[in-house]
Amino acid sequence: MTINTMAKGGWHRDQMSCFRMMEKVIVAMQDPDMGRDIIDWLMKKYNICEEESLHISGLLVRYGYIYPLKEPRSLVLRPDESPYRFQTPYFWTSTRWPASELDYAIYLAKKNIRKQGELMEYEKERYSVLHKRINHTWDFVVMQAREQLRASKQRRKADRIVLECQEQAYWLINRPPPGARNMLDMGLERPNNTARVTLNSEHYKNEIDTCKRALGRNRVKSSICLEGEQYQNHDPIMEGCLPSNPWISDDSAHWTMNLETVPTPTRLRVERWSFSFMELLNDEMGRREFMTYLEKEFSGENLGFWLACEDIKHGESSRIVEKVEEIYRNFLAPGAPRWVNIDSKTMDKTLSGIRHPHRFVMEDAQMHIYFLIKKDSYPRYLKSDLYKNMLAKGIVPQETKKSVFPFMRRQRHSSPSPAQVATQATEEGGNATGAGQAGTNSAAGSNV
Amino acid sequence: MEELRKEMENLKDQITAVRKTFQDSTLQEAAAGVTVVGRVQLKTRKTLRGHLAKIYAMHWGTDSTLCVSASQDGKLIVWDTITTNKVNAIPLKSSWVMTCAYAPSGNLVACGGLDNMCSIYNLKGKDGNVKVMRELAAHTGYLSCCRFLSDTEIITSSGDCTCVLWDIETGTQKMVFAGHQGDAMSLGVSPDFKFFISGACDFTAKLWDIREAECRQTFGGHESDINAIGFFPNGNAVITGSDDATCKLYDLRADQELLTYQDPSIMCGVTSLAPSKSGRLLLAGHDDFNVNIWDMLKAERVGVLAGHDNRVSCIGVSSDGMACCTGSWDSFLKIWN
């Protein structure tokens, strides 16, 4: 069930971009004759495979831009000789949307008058419901219906039949029979709200401030590309995962091996610690290992301080004061057991801030220590024997042999992308080698 | 007032000009040497059945096996995706729910919708029952999206054009992020929890500093409502999906759009998106019942997930990157990998 009432003064959300694109396709298409023609034309025009073309043409039929002549109630595109016709723009979904009750009443009335018993069961029910609901305009409805019937009698028989088909197709979409999918279901009607942004001078002043600030910000040249390559081996969707993907093999070994705390972590996990400082800090085992290293260097208090500050930032508000006091006692007070080395300016600022403790009172000190560890201890840790041993000991799990269901073994070869398949087909001989090479490269690259 | 408006337009043009000067190469040129991904074929591994009406939202838990989904049948269901069992089935006061979220700790879930409120439920209550812990009410418009920062803070976006940071313990608004000129439709939190991004019906996406409650950057370019938004895994870029059937990638450091993911054969709007763990692949759910998979560096379509019988309304990749879950108006959730 959807809410279809709009708030007073409401506005219809613009759902039309989709319709406009479909209309562009229709306008570009030649007059369709058979389903097969439509599929072929789409495949050629967009360089796509048959499956995709079936999908798109299915959309065009379901939204009413093309309708079938045989079996009009089955809004499916058959890729054979079944005949299809364009819907006239007068009856495009976007032209007359939403379809009005009045028009539907007139349509049903016409059908009723033209031939008694032509209305289907569900149409009869709707007819009587409408009759009750808009009883006050019923004379108008009947009059309009009669008028339209009279006008159509004056047309040539062929034209009249076409118009009837088109009108029927329109109403099959806009008032689908019970059980059929409602293609125009747009979901929850989001009501307009009264607190809309008003374009007054206050608003413009704010915008100007924001723009001025935005103008002055630092920008980086766009040639600095995404560093996605690092994580490629760690992306299970692309590279698969060892020992086996739990959803396929129903074996949760992968997760057991990668729990928060395990005796020995996997190699991939330890490798991730070297990608960025945050990766190390976000992993509980990584933190523990790093702390062990820092203790050896007598700088463990830095990490301890950072962790305590994080706890304040994300923890309960009621305990902030207590936690701040604890940090002061342990890390900041002169002669504290785990005193951290912060520059005097930041220390003064923090100490005065502690008098009115809040969630972010330690922010500056925390940042200072964070960068200290990141620039100094972190790189040395990555070069240390401790880390290197961890990496060497890291488990690389064996891929489990799926002896029970051998035929479910996932195929890791990759066929060329849909666009490439089509290029190969149309450029036989000519430039096929280019596309072919790309295909084989990718097959080589994706085999784990 | 006309002068103010002219001044604003002038500044905006200047920003566009400056952005152009920093555009010394396109992502396509830079990614030309990268190996091709090839066809990505994901299969449905599990189908989660149990909802009785359209599913509007889903969110993975951080443990990568549990997820929560919200449906118009008025239920919030927490699923164990491996066994397909329902861990919790929470009845909601209002069935017009539009969003749901799972807290990183796994203790709480939240949902909201046309009731203009964000309701927080405690999954780990003392007597085993799941009860409403808080109802965060202050928005004057529908709740379109919510995301937890921790067990004590949550960010919501609303149809009243604002986003709000709440303190869950006290149930009050801590910060209000105002600036959008259209309904804020979705939001995403950065991996370091310092920033969040919001996409709205004014066709722009904004980056907000959580601490300072300021809009740091605004990105435009879309021709229709932005329905979905997400951070690139390394936190340096933002991906948006819109009703104009395209997705766009904006880089935060270069402060501009790097790529548009579009194809003339894709006509229906994007409802939801999720990047794969490495960020190489982008999965986008559309109104035409399909999910399109894009190679993010080369802007080529490398796969399609076709399995739903109605609009794909939500999509998510688990935090360990192993599986992708799609939820649809056909009332089913499917796990793919």
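## Overall make-up

Chain A has 21 helices and 2 strands, where helices (H or I, at least four residues) and strands (E, at least two) are DSSP runs numbered from the N terminus. This is a predicted model, in which local features need pLDDT of at least 70 and side-chain atom pairs count only at pLDDT 80 or more, while totals for chains, interfaces and linings use all residues. Residues are numbered from 1 along each chain as its sequence is written, and side-chain values use heavy atoms, with hydrogens and water left out.

Of the 448 residues of chain A, 42% count as buried, a term that means under 20% relative accessible area with a 1.4 Å probe and protein chains only. Among contacts in chain A with a separation of 6 or more, 62% join residues 24 or more positions apart; a contact means heavy atoms within 4.5 Å.

## A buried serine

A:Ser53 lies in helix H3, which covers residues 50–62 of chain A. This serine counts as buried because its relative accessibility is 0%. When neighbours within four places in sequence are left aside, A:Ser53 is in contact with A:Ile39, A:Leu42, A:Met43 and A:Ile48.

## The RGS region

UniProt, in an unreviewed entry, lists residues 276–391 of chain A as "domain: RGS", although such annotations may be inferred rather than shown by experiment. Over residues 276–391 the chain is 74% helix and 0% strand, and the end C-alpha atoms are 16 Å apart.

Notes
Chains are lettered from A and ligands numbered from 1 in the order in which they are written. Buried means under 20% relative accessible area, exposed over 50%, partly exposed in between (1.4 Å probe, protein chains only).
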